[in-house]
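This report concerns helix packing and chain-to-chain contacts. The structure under discussion is displayed below.

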There are 2 protein chains.
Amino acid sequence: MARMADAHEPLDPDGLQAYFALMDVAGLLKHGVEEQLREAGDLSYVQFQLLARLALGSPTGSERMTDLADGVVYSRSGLTYQAGLLEKAGLVVRAPSPDDERSVTVSITDEGRERIARVMPGHAEVIRRLFLHPMADGDVRRLAELLVPVRDHMRAAPPRSAAPRRKR
Amino acid sequence: MARMADAHEPLDPDGLQAYFALMDVAGLLKHGVEEQLREAGDLSYVQFQLLARLALGSPTGSERMTDLADGVVYSRSGLTYQAGLLEKAGLVVRAPSPDDERSVTVSITDEGRERIARVMPGHAEVIRRLFLHPMADGDVRRLAELLVPVRDHMRAAPPRSAAPRRKR
DNA sequence: AACTGTTGCTTCGAATCCGAAGCACCTGAC
DNA sequence: GTCAGGTGCTTCGGATTCGAAGCAACAGTT
């Protein structure tokens with residue numbers, strides 16, 4: 001754990017550099033990936049994320065809207081919009097949950113799985129070329145080991161869906 | 001360097017995990033930061049990036065539009081829009097460059113520097129709480145050491161401003 | 001100088017995004 | 001039960017975003 005009592009001090013150089021480097025890398029990578037996704041499968045980055053999460057992350061291929069939104073770091077309203085697009089494209093189906101009448105379950109279709117499969121090889125290639133390639137052999141694993149706990153820590157904090165409602 | 005001949009193979013688990021973790025962390029971090037910036041100084045994340053780059057990264061406090069856009073990973077048209085907002089808010093000034101009549105030099109104003117200074121302490125705090133805190137002492141530095149070369153590698157590739165123009 | 005291609009920025013139109021507000025359902029206290 | 005508050009999603013309005021096209025200035029060639 002980092003030292004505790006640095007409340008309002010400016011960031012140390014390492015922290016600053018890590019922060020800016022992280023954001024830059026993510027931004028550049030997102031861009032490269034977005035381009036490839038659009039060309040290869042007419043998908044936006046969010047759409048890819050959503051499909052990938054359903055196809056790879058969920059055993060059943062379905063998930064609640066809220067969980068999807070939180071999992072993908074996205075606003076609820078934005079998700080409604082994207083889910084609508086994906087459904088119109090036939091890559092996904094929405095249905096009310098059996099147990100809770102409010103919630104909507106999103107399920108990937110076979111067509112959705114095909115789309116992901118179609119896009120994946122080129123996707124992997126971009127990731128490798130832009131992101132993985134310049135790292136030495138063990139570095140990728142080390143990076144993952146560094147970042148995964150950070151992600152877990154961030155996810156543990158009240159997620160966007162838990163944002164307190166405004167008083168009326 | 002990673003092995004060369006893995007052209008269309010799927011990504012190995014480490015690569016996948018590093019990729020997703022990176023994007024998630026960046027997304028979550030951006031969100032937290034955006035919230036703080038809006039409340040503390042009425043700035044969007046891009047606006048903060050722009051001001052920070054001018055205030056901290058440039059000795060003169062000025063930079064060309066294109067260099068700003070590339071530095072901040074942003075579309076040129078988006079930059080035009082944001083530069084307009086920042087100028088209207090008095091945080092920045094635009095002026096044609098003396099040597100090249102086409103290019104526009106953006107300079108941060110004193111008011112802009114004040115704004116950055118005002119926002120920075122809370123900003124640092126969010127970064128620490130969300131991002132730096134869960135890492136052990138040397139980890140931050142290690143992370144920076146891992147990511148900086150990747151950023152440089154990505155920047156070396158033809159940046160967005162060099163995207164080939166469409167034939168007419 | 002005239003021509004051609006390039007580069008820097010802005011404008012344009014359409015797509016996407018977000019937060020706030022709204023609606024419906026669910027849950028617990030009474 | 002019923003009432004109050006919480007939760008899940010969508011709708012709404014407005015802001016932001018991007019790529020393509022447009023415009024002006026530059027640079028090199030002839």
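## Helix crossing in chain B

In this predicted model, helix 2 of chain B and helix 3 of chain B cross in a right-handed sense. The axes of the two helices are 10 Å apart, and the packing angle is about 115°. Helix 3 of chain B spans residues 65-72.

On the side of helix 2 of chain B, the contact is formed by Val46(B), Gln49(B), Leu50(B), Arg53(B) and Leu54(B). Helix 3 of chain B contributes Asp67(B), Leu68(B), Gly71(B) and Val72(B). By class, the residues of this contact comprise five nonpolar, two polar and two charged.

## Extent of the interface

Between chain B and chain A, about 6500 Å² is buried, and carbon and sulfur atoms account for 70% of this area. Tyr19(B), Arg128(B) and Met154(B) together provide 10% of the area that chain B buries against chain A, more than any other three residues. In terms of residues, 62 of chain B are in contact with 63 of chain A.

## Polar and charged interactions

Six salt bridges are counted between chain B and chain A. There are also 10 residue pairs in polar contact across the interface, with both residues of each pair at pLDDT 80 or more.

Which elements of chain B give two or more residues to the side that touches chain A? They are helix 1 (13-41), helix 2 (45-57), helix 5 (110-132) and helix 6 (139-156) of chain B. Helix 1 of chain B supplies the largest share, with 18 residues. The side of chain B that touches chain A consists of 37 nonpolar, nine polar and 16 charged residues.

A salt bridge links the side chains of Arg141(A) and Asp14(B), with an N to O distance of 3.0 Å. For Asp14(A) and Arg141(B), the side chains are joined by a polar contact of 3.0 Å.

Asp14(A) belongs to helix 1 of chain A, which covers residues 13-41. When residues up to four places away in sequence are not counted, Asp14(A) touches Val140(B), Arg141(B) and Ala144(B).

Notes. Residues numbered from 1 in each chain as written. Chains lettered and ligands numbered in written order. Heavy atoms only, no water. Contact = heavy atoms within 4.5 Å. Buried area = accessible area lost by both parts, 1.4 Å probe. Salt bridge = Lys/Arg side-chain N within 4 Å of Asp/Glu carboxyl O. Polar contact = N/O pair within 3.5 Å; in protein donor to acceptor, adjacent residues only side chain to side chain. Helix = DSSP H or I, 4+ residues; strand = E, 2+ residues; numbered from the N terminus. Nonpolar A, V, L, I, M, F, W, Y, C, P; charged D, E, K, R; others polar. Axes fitted to C-alpha atoms, helices over the stretch in contact; angles between N-to-C directions. Left-handed = near helix turned anticlockwise from the far one by under 90°.
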